[in-house]
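Dear colleague,

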Amino acid sequence: MGWVVFTTRRKQNLSIFFWYLNMFILLLLLLVFTGLETTGTTFSVGVCYGRVANNLPPAEEVIDLYKTNRIERMRIYDPDQPTLEALRGSNIELVIGVRNEDIQSIANSVSLATNWVQNNVLKYSQDVKFRYIVVGNEIDPNNDQASNFVVLAMQNIYTSLASAKLQNQIKISTAIQMNLSGSSYPPSTGAFSDSSISFITPIVNFLVENEAPLLVNMYTYFSYIRDPNNVDLSFALFNSQTDRAIDGKYEYRNLFDASLGAIYAALEKVGGANLEVVVSESGWPSDGGVAATVENAQIYYENLFNHVSSGTPNRPNQALETYLFAMFDENQKGPAETERHFGLFTPNKQLKYQITQMHGSSNSTSSSSSSQSGPGSSSQSGQGGITYFTSSSSSSRQSGGMGWVVFTTRRKQNLSIFFWYLNMFILLLSLLVFTGLEKT
């Protein structure tokens, strides 16, 4: 069989078609490579800004440090006015906390809730990108009277936000600690303890009704040091090549995923099967205790950065919004020595770890609060955020529209290779058609 011979007109039409198709492929390649470049210079996780220290740089320098290192989300644990002022025009998304000690008064007074929103949110809302208002941090329903007032305080703040028509842009939640669980292994048996059920259930109902996420502070470090005989260090550091937990249809290859799987199972039992979870704190200390070394902390942060972009076994291919604890070492935290060594930076703004994903300089240029923050504490601290690992639904809440679907770096690289080969194929077809035209 010889070549099928087209008429000159058909060949001309084909050549035009291939030319436009080639231009389209080139445009797709440009978009993918642009995405790859953006991914390489944008953080994937947020960072908490805790201020339980007397040697930290001024708020303006802290914000500059966030911007220099392209950290696009921040968590603070109280409405610190110097920080809010410094955030104006920064484009950093903010997770702001209501102090535990203020919850009862806000719950008992709509006017106080309105004043809180007015003075700490509306006053700055034109220049500061608020993401969540977090009513309380790690409240213990067994020991903290504030636990009886969390939901009512959330409702009063919601009412105040709604009066300003911001209830769909700024979501209201609370941050819990992992010890509210009564069982967690295997993960499918995860359930909240009997003593915490009456506390967590109305919170979950509020979050489901208002399409807000639950914030969870998650530290594999503390799980490891509580039971080092049964929890392998590499399993806690995302580093294990052999350890894994098989639980029904799920396979967990690290402690982080297994812990999160237990939270998902516990939420399902109290009406939150589809509730989004945000990891509002996670980190590893660099000094002060068992396995608290710079090397282990660097391994943990590197692996956490890479891991949360691709989701977990329970919710694969769904990026997990995560906040690292914390921005700085805080010298007034305690009582454990490790509490003072969770910072990514030293107080003089030097980056402690050579983390691949952190591309900015550590030399770019707060007052202490009565609240406490971070692992094992129950109020003030900090973590930030980043747009690349954010789900499109989270982004659309802030922007008010559909967000771009964000691919991981590996997927973008695969797409770019695919489009390159496709473009070469189209060029070859174009060449054959033009050769045919010339002969004709």
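Is the crossing of α5 and α6 left-handed or right-handed? The crossing is right-handed, a term used when the near helix is turned clockwise from the far one by less than a right angle.

This is a predicted model, in which local features need pLDDT of at least 70 and side-chain atom pairs pLDDT 80 or more, while totals for chains, interfaces and linings use all residues. Residues are numbered from 1 along each chain as its sequence is written, and side-chain values use heavy atoms, without hydrogens or water.

Helix α5 spans residues 110-122 and helix α6 residues 150-163; helices are DSSP runs (H or I, at least four residues) numbered from the N terminus. Their axes, lines fitted to C-alpha atoms over the stretch in contact, lie 8 Å apart at an angle of about 60 degrees.

In α5, V110, A113, T114, V117 and V121 meet N156, I157, S160 and L161 of α6 (heavy atoms within 4.5 Å). These residues divide into six nonpolar, three polar and no charged (Ala, Val, Leu, Ile, Met, Phe, Trp, Tyr, Cys and Pro are nonpolar; Asp, Glu, Lys and Arg charged; the others polar).

The count of salt bridges comes to 16 (Lys or Arg side-chain nitrogen within 4 Å of an Asp or Glu carboxyl oxygen). Among them, R253 pairs with E251 at 3.3 Å, N to O. R253 is partly exposed at 48% relative accessibility (buried is under 20%, exposed over 50%, partly exposed in between; 1.4 Å probe, protein chains only), and E251 is partly exposed at 30%. Shared partners join R73, E93, R131 and E321 into one network.

Yours sincerely

Conventions:
Axes are lines fitted to C-alpha atoms, for helices over the stretch in contact, and angles run from 0 to 180 degrees between N-to-C directions. Helices (H or I, at least four residues) and strands (E, at least two) are DSSP runs, numbered from the N terminus.
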